[in-house]
Amino acid sequence: METQESIRTVTTIGEMQALSEQWRKQGVSIGLVPTMGYFHDGHLSLIRHARQRCKVVVVSIFVNPIQFGVDEDFEQYPRDLERDSRMAAEAGADVLFAPAAAAMYGATFQTAVQVKQITQGLCGASRPGHFEGVTTVVCKLFHIVKPHLAVFGAKDYQQAMTIRRMIIDLDFDIDLDLAPIVREESGLALSSRNEYLSPEERREAAILFQSLRLAERLILQGERDPEKVLLAMQAMIDAVASSKIDYIALVDPETLTPVQVIDRNIRILLAVYIGKTRLIDNYLVELSTGID
Ligand code: AMP
């Protein structure tokens, strides 16, 4: 299908499965972009990426109750289906799949998909049950939309690595593409949760990216001790009064285990509260120059 500005909205699982079944029979490639809606340019970049690789693009919007903790923001999470629908159509999506929670989780629902190891630390430590909620819903979306390609953002890096593991372990015949993080001019990673920030907090939230760039500078200048990099980042973030660090970690980009010495490419991941809003970000620091 060509890029178009009208979009078909599907709300039932049966209709979505029938559509996808039909496309597959016709040999049409299907791209899926799973989201919780309230679109920004980060989401749209994923849709455009899928558009380039697949004949049809399905964007799912589902604020997934089982990936939120009891004290988290499920109720408040921003929602605007009409605006999302317009934006998704403009970015080239063909179908918006927006099921109701009751359709996804019937009264007798009792199954969970768990990726055991890679979900333990980082966001998994502060959000128990979160990744199980994510893998369970993504597994369902894969069975409903039957995509050839799924596109995820590097913004939620641990999530993407977890889903990559699930795809391999459960033999899903699906390609996963990781799209780069889209940022504001200040460096702040776009997020639907930025909506919660006051104008002042929004300015202060740029400290996450600034601390990642500081870490990169230190490492490229020769610092090899992850603890020293971490302390420098901590000091920078702590200087912002409204901030509270949840975690900062320098990890192997594949396994997400902490590195003891910085002697190869690493990913730095962090979660920081700005006021009441928990924000995440991450950054790849590349040591290899390509010369050796
Ligand atoms: P969400 O709606 O927040 O669950 O995000 C849906 C998808 O969009 C996930 O794969 C995210 O990683 C991705 N995403 C969110 N923010 C960004 C961003 N700033 N840049 C790129 N991808 C993003």
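**Aromatic rings and the ligand shell**

Guide: In this predicted model, pairs between rings join F62, Y105 and F109 into a cluster.

Visitor: How is the pair of Y105 and F109 arranged?

Guide: I shall begin with another pair and then return to that one. By the rule for ring centres, the count of aromatic pairs is six. In one of them, F68 and F74, the ring centres are 5.4 Å apart and the planes meet at 70°; over 60 degrees counts as edge-to-face, so this pair is edge-to-face. Y105 and F109 also form an edge-to-face pair, with 4.9 Å from centre to centre and 80° between the planes.

Visitor: What describes a ring pair in general?

Guide: The distance of the centres and the angle of the planes describe a pair of aromatic rings.

Visitor: Back to F68, is that residue buried or exposed?

Guide: F68 has a relative accessibility of 10%; buried means under 20%, so F68 counts as buried.

Visitor: And what about F74?

Guide: F74 has a relative accessible area of 22%, which lies between the limits of 20% and 50%, so F74 is partly exposed.

Visitor: How do Y105 and F109 count?

Guide: Y105, at 13% relative accessibility, counts as buried, whereas F109, at 32%, counts as partly exposed.

Visitor: Which charged end sits over the ring of F74?

Guide: That of R79, at 5.1 Å from the centre of the F74 ring. Likewise, the charged end of R83 sits over the ring of Y38, at 4.9 Å from the ring centre.

Visitor: Changing topic, which residues come nearest to the ligand?

Guide: There are 17 residues around the ligand, and H43, G153, D156, V182 and L190 come nearest.

Visitor: What are the atoms and distances for H43, G153 and V182?

Guide: For H43, a side-chain N or O atom is 2.9 Å from an oxygen atom of the ligand. For G153, a polar backbone atom is 2.8 Å from an oxygen atom of the ligand. For V182, a backbone N or O atom lies 2.8 Å from a nitrogen atom of the ligand.

Visitor: How much of the ligand does the protein cover?

Guide: On its own the ligand has 490 Å² of accessible area, and the protein covers 94% of this.

Visitor: Which elements give two or more residues to the shell?

Guide: These are β2 (30-35), α2 (41-53) and β5 (149-153). The largest share, three residues, comes from α2.

Visitor: What is the shell like by class?

Guide: The shell around the ligand has nine nonpolar residues, six polar ones and two charged ones.

Terms used
Residues are numbered from 1 along each chain as its sequence is written. Side-chain values use heavy atoms; hydrogens and water are left out. A residue is near a molecule or strand if one of its heavy atoms lies within 4 Å of it. A polar contact is a pair of N or O atoms within 3.5 Å; within protein, one must be able to donate a hydrogen and the other to accept it, and residues adjacent in sequence count only if both atoms are side-chain atoms. Accessible areas come from the Shrake-Rupley method with a 1.4 Å probe; for residues, only the protein chains shown count as cover. Helices (H or I, at least four residues) and strands (E, at least two) are DSSP runs, numbered from the N terminus. Ala, Val, Leu, Ile, Met, Phe, Trp, Tyr, Cys and Pro count as nonpolar, Asp, Glu, Lys and Arg as charged, and the others, Gly among them, as polar. Rings of Phe, Tyr and Trp (its six-membered ring) pair if their centres lie within 6.5 Å; planes under 30 degrees apart count as stacked, over 60 as edge-to-face and the rest as tilted. Buried means under 20% relative accessible area, exposed over 50%, partly exposed in between (1.4 Å probe, protein chains only). A charge sits over a ring if NZ of Lys or CZ of Arg is within 6 Å of the ring centre and within 35 degrees of the ring normal.
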